[in-house]
Amino acid sequence: MASRPAPRWRIGVLASRVGVSETLLRAWELRYGLLSPTRSDAGYRLYGPEDERRARAMQDARRRGVPAGQAAAEVLAAERSGSLLPGAPAPRYATSGALDVSRTLDELRAAMVAYDVSSMHAALDRVLADVSAETAIKDVLLPFLAGVGDGWARGDFDVADEHFASDLVRARLAALSIAPGSRSGPLALLACPPREQHDIALKAFEVVLLRAGWRTRFLGPRTPVASLEVAVGVIAPDLLVLAGTGPGAFDVADADRASVERLSGATRVVIAGAAADEGAALRWDAEVLEGDPVTAARSLVGTGRRAAREGTEDDARP
């Protein structure tokens, strides 16, 4: 008697059976080759029991704390060895170890010059499985980009390498900033002044604020002063954060001086980044936040918490 063909499903059905989103399944398929769908006559991807087994094994590994890239590699290796077949004992997955910053930076640089997106994501997945997002940003992402910039200045890397790395890191930071977040925390408006085109450090700053319960609105690089004034008027933020790194980033054009004065009268203004100094603070009537983006954001969070406690104590006094 002929055996019946294995069932095949569209990705929505597979997602329901496994209990993860279609987006995550597609990411596992495209980034790690975890799934191997066939095509229907109409061109639709169809998934089968073997894909379900891999996806369930991947979930099990992720629950154990295994980074996504490592987990996918181990699931595929288990399948090749036959230990992922129906009825076989469940494979055991190693847990992640302590973060090795030097090794991780070497892996990221090697993947960058090879334009190897999967390897870069796998390295970052391991980092984020081992340490907090704040530690990953401070100890890995920002030093990696700084090293790439220094290497480009020395001629070790091409401008294409720098652009490739920056785009990937920016995407990972953007992913970390996507969350429901707080509905009642302080609201910060984040932007770069008109002469500043680099916004990755500011995005890192945003991630730390969001994880501390703040709400944010992100305007990005080269924001005109007039646009800042409009946004402040509409959003009414508790704080305006301006980040600048390059020479002259906080210079103010004559035509913008009146708008800058109105900004400082409408909200608290702070400046951050390598170009933020006392001269820039005077021009913008702003406070200077010291340190790297994580340190600066944490100092701001600490100030906000102290102010909130003091306000509560004042309200409680007779």
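The structure is a predicted model, in which local features need pLDDT of at least 70 and side-chain atom pairs count only at pLDDT 80 or more, while totals for chains, interfaces and linings use all residues. Residues are numbered from 1 along each chain as its sequence is written, and side-chain values use heavy atoms, with hydrogens and water left out.

Pockets were located on a 1 Å grid over the protein atoms alone, a pocket being an open set of points where a 1.4 Å probe fits, with protein on both sides within 12 Å along at least five of seven lines; lining residues have an atom within 4 Å of a point. Grid points are joined across faces, edges and corners, and a volume is the space filled by probe spheres set on the points. The second largest pocket holds about 270 Å³ of space. Helix α2 gives the most to its lining, with six residues. The lining consists of Ser21, Thr23, Leu24, Ala27, Trp28, Arg31, Tyr32, Arg62, Ala68, His121 and Asp125. By class, five of these residues are nonpolar, three polar and three charged, where Ala, Val, Leu, Ile, Met, Phe, Trp, Tyr, Cys and Pro count as nonpolar, Asp, Glu, Lys and Arg as charged, and the others, Gly among them, as polar.

The largest pocket has a volume of about 700 Å³. Its lining comprises 28 residues, and Leu145, His198, Ile200, Ala201 and Thr245 lie nearest its centre. Two or more lining residues come from each of α7 (133–154), α8 (159–176), α9 (200–211), β5 and α13 (293–316). Of these, α7 gives the most, with seven residues. The lining of the largest pocket divides into 16 nonpolar, eight polar and four charged residues.

Strand β5, which contributes to that lining, spans residues 239–243 and pairs with β6 in the parallel sense over five bridges; two strands pair if DSSP finds at least two bridges between them. Within this pairing, leucine 239 stands opposite arginine 268 in β6. Strands β5 and β6 form a right-handed β-α-β unit together with helix α11 (residues 257–266). A crossover is right-handed if, with the strands pointing away from the viewer, the path from the first strand over the helix to the second runs clockwise. Strand β6 (residues 268–272) is mostly covered, with four of its five residues buried; buried denotes under 20% relative accessible area, exposed over 50%, and partly exposed the range in between (1.4 Å probe, protein chains only).

Strand β6 is also joined to strand β7 (residues 287–288) by two bridges, and these strands run parallel. Isoleucine 271 has valine 288 in β7 as its bridge partner. From β6 the chain passes through helix α12 (residues 278–284) to β7 in a right-handed β-α-β crossover. A further parallel pairing links strand β3 (residues 187–191) to strand β4 (residues 215–220) through five bridges. Here alanine 188 is placed opposite threonine 216 in β4. The chain crosses from β3 to β4 through α9, again as a right-handed β-α-β crossover.

Salt bridges were assigned where a side-chain nitrogen of Lys or Arg lies within 4 Å of a carboxyl oxygen of Asp or Glu. By this rule the model contains 20 salt bridges. Side chains of opposite charge can pair when their charged atoms come close. In helix α5 (residues 101–113), arginine 103 and glutamate 107 are four residues apart, about one turn of the helix. The closest N and O atoms of this salt bridge are 3.2 Å apart. Arginine 103 counts as exposed, at 54% relative accessibility, whereas glutamate 107 is partly exposed, at 24%.

A salt bridge also joins the side chains of arginine 109 and aspartate 106 (2.5 Å, N to O). These residues are about one helical turn apart because they are separated by three residues in helix α5. Arginine 109 is partly exposed with a relative accessible area of 29%, as is aspartate 106 with 40%. Elsewhere, aspartate 254 forms a salt bridge with arginine 257, with 3.1 Å between the closest N and O atoms. Aspartate 254 is exposed at 64% relative accessible area, and arginine 257 is partly exposed at 42%. Finally, Arg17, Glu52 and Arg56 are linked in a network of salt bridges.
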